[in-house]
Amino acid sequence: MIEARNLTKTFKDKKRGVITAVDHVSFTCRPGQIYGLLGANGAGKTTTLRLLATLLQPSSGTATVAGHDVVSAAQQVRTHVGFLAASTALYARLTAREMITYFGELNGMSATAIKARIKQLSAELDMAEFLDRRCDKFSTGMKQKTSIARTLVHDPAVMIFDEPTLGLDVMTARAIVKFVRECRDRGKTVIYSTHVMSEVEKLCDTIGIIHDGKLCAEGTLAELRAKHAEQDLEEIFVRIVGLEDTK
Amino acid sequence: MNWHNIVTVYLKELKDSLRDRRTLLSTILIPTLVMPLLTFGVGTVMSKVIKKAQEEIPSVAILGGEDSPAVVAALKKSPKLRVVATPADWKQAISDKKLRVVLQLPAKFEAGLLAGAAPAVMVYNYAGELKSENGARVLERYLIELREQTIADRLAEHGLAKTLARPFEFKRENVAPPEKVGGNMFGGLVPYLIIILCFTGAMYPAMDLTAGEKERGTMETLLCSPVARVDLVLGKFLMVLTGSLSAMGFMLLSMGLTAAVGGSLMGGGGAVKAGAGAASSRAAMDVIPMIDPVGLLGVLAMVFPVAVMFAAGAFTIALFAKSYKEAQSYLAPMMIVVILPAVIGMLPGIDLNWRLALVPLLNLSLVCKEMLSGVWHWNYIAIIFGSSCVYAAVALALAVKMFSREDVIFRT
Ligand SMILES: Nc1ncnc2c1ncn2[C@@H]1O[C@H](COP(=O)(O)OP(=O)(O)O)[C@@H](O)[C@H]1O
Ligand SMILES: [Mg+2]
């Protein structure tokens with residue numbers, strides 16, 4: 001469960017002055033559902049998700065993740081969160097097994113528990129062949145699998161994905177989408193950010209459209225279609241965000 | 001603070017660093033090689049050059065000796081000098097190193113001597129050039145002998161004793177134990193090397209563990225873990241400190257080995273063939289002096305808080321950078337800031353006082369010089385150790401503070 005209440009984040013930038021990257025955003029993600037955060041580049045998706053993962057502190061407002069407050073109980077939040085982004089890389093000089101083991105240890109797991117978990121994940125993700133090879137020699141597919149195993153090692157209740165398919169080839173991207181669905185089917189709370197309309201259409205139970213730091217619209221795909229009397233999500237998105245007006 | 005997490009982070013960073021070529025180079029390989037290179041490389045070359053210069057019989061040309069045949073003849077007979085024909089442009093010949101020295105005798109030199117006129121003699125050479133300086137020294141020693149002989153002759157003429165002009169003799173002899181001489185001569189060099197290596201040893205791990213991680217995108221991965229940021233900093237800091245101390249440790253180890261090898265070559269002269277081996281071992285003994293081992297332990301204790309300061313300082317600065325390259329451009333100029341006080345400490349005549357005891361690095365370099373030559377000013381030692389610990393604590397606190405600032409970690 002994720003509940004964001006008036007989440008706000010401002011940055012001070014020398015050139016641009018004060019930027020409100022996330023502006024009073026409130027939403028709820030439920031277990032067994034995928035919440036899709038749809039927005040253009042610079043809309044504030046990454047910042048929102050970093051706030052939920054407690055990588056950043058909100059300027060005002062707050063959120064609870066798996067029952068813990070992101071401001072007052074950041075450490076407990078992180079024990080229940082798996083965070084996967086295009087920007088979360090692997091340690092190049094470690095093997096996949098060492099990488100997963102390290103994050104198991106950081107999550108306070110015992111050596112035997114980590115071993116068992118790696119065996120299980122390696123079988124599920126078909127990693128046995130490259131488990132003991134160094135990450136710098138991996139293909140993007142292998143890297144993604146290792147990253148997924150890293151986020152899942154402590155079996156978190158909440159999964160946060162920040163444009164996980166960015167820059168990946170079709171096959172790897174499909175594997176990721178399949179994996180996100182599996183997370184939902186196992187009853188995890190999933191939040192998924194993207195700027196790709198088709199991914200949202202295929203994947204998400206609830207869609208939140210974010211623009212300029214503000215959550216402009218929210219609902220299921222059916223609700224959004226009905227409200228705007230339009231089938232095409234891209235059309236709906238453009239209308240909500242109001243990009244056409246400025247042209 | 002959770003020690004289990006700190007150790008987990010530290011062990012991972014240690015494993016990771018041991019697989020990084022740049023870190024291995026700066027924390028193990030270069031520190032190990034620097035002493036043997038200095039002694040067997042530079043030391044051997046230096047001692048060979050000096051020996052060759054001293055073995056050479058300097059060439060001397062004489063100006064205006066036509067009316068002083070006895071002096072010229074005596075000079076020509078001397079085995080320590082080689083009298084050559086005077087070239088037209090003798091000044092140029094000296095500058096071109098074709099001629100070492102020129103002796104200018106005034107007109108009627110011998111006649112003047114007999115008349116008691118005190119004529120002035122000139123010696124021309126190339127100041128600072130090793131072989132020319134050596135030639136001038138030989139020539140001047142010859143002139144001093146000639147002068148003393150003249151005095152002796154005159155005294156004899158008047159029936160007076162030689163001791164009239166030379167009422168007493170004197171001699172110089174070193175009574176300080178060899179480690180004191182060594183400490184004074186090289187006491188400055190060892191802390192200087194220690195300071196530099198401590199810094200370069202900290203520099204590469206610091207860049208790799210901070211800016212390097214940001215650049216490679218693993219910093220965000222790491223921050224997702226539930227470990228508190230303090231634990232992450234301390235684990236990483238311990239690794240940087242390990243780099244710093246290992247650079248120093250390997251340098252001292254190889255210095256000890258170099259001395260031992262040099263010493264055994266020297267001591268076991270019968271077993272080892274003469275020649276190259278003996279020459280290099282003598283060079284080693286010249287460069288690695290006898291250093292008081294207790295002094296060395298004292299130095300290690302004094303260096304520890306400075307290594308902590310370096311590790312925390314390099315960590316903080318590198319953390320601010322976005323990329324490895326940027327971190328390098330911040331830390332490379334810091335080398336000068338680090339070396340300068342060490343160099344000042346090496347200068348002769350600068351000694352510890354209360355004010356200098358509070359200047360970081362300079363105080364270390366000065367107190368190390370003293371300790372290595374067996375001088376223990378406990379009040380200064382306490383002040384320097386105490387102030388170094390304070391500086392180290394401040395640097396470490398700063399590192400922790402920087403790590404919890406999101407505008408530093410997520411700098412764009
Ligand atoms: N650390 C930061 N410092 C200053 N501005 C930032 C920082 N991170 C993000 N921003 C700004 O905040 C806005 C939202 O960025 P972001 O959350 O990355 O958007 P998205 O992920 O939707 O592309 C952008 O204008 C971006 O430039
Ligand atoms: Mg983004």
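**Ligand 1 and its shell**

Author: An oxygen atom of ligand 1 is 2.9 Å from a polar backbone atom of Lys45(A). This is a predicted model; local features need pLDDT of at least 70, and side-chain atom pairs 80 or more, while totals for chains, interfaces and linings use all residues. Residues count from 1 along each chain, chains are lettered from A and ligands numbered from 1 as written, and side-chain values use heavy atoms, without hydrogens and water.

Reader: Why is the pair at Lys45(A) called a polar contact?

Author: A polar contact is a pair of N or O atoms within 3.5 Å. The Lys45(A) pair is 2.9 Å apart, so it qualifies.

Reader: What makes Thr47(A) a polar contact of ligand 1?

Author: An N or O atom in the Thr47(A) side chain lies 2.5 Å from a ligand 1 oxygen, so that pair qualifies too. Taken alone, ligand 1 exposes 560 Å², and the protein buries 79% of that (Shrake-Rupley method, 1.4 Å probe).

Reader: Which elements give two or more residues to the shell around ligand 1?

Author: They are strand E2 (17-29) and helix H1 (45-52) of chain A. Helices are DSSP runs of at least four residues (H or I), strands of at least two (E). H1(A) gives the largest share, 3 residues.

Reader: How do you know that chain A is predicted with confidence?

Author: pLDDT is the predictor's confidence in each residue, from 0 to 100. Chain A averages 93, and 98% of its residues score at least 70. Helix H10 (residues 243-246) of chain A is lowest, at a mean of 52.

Methods. Polar contact = N/O pair within 3.5 Å; in protein donor to acceptor, adjacent residues only side chain to side chain.
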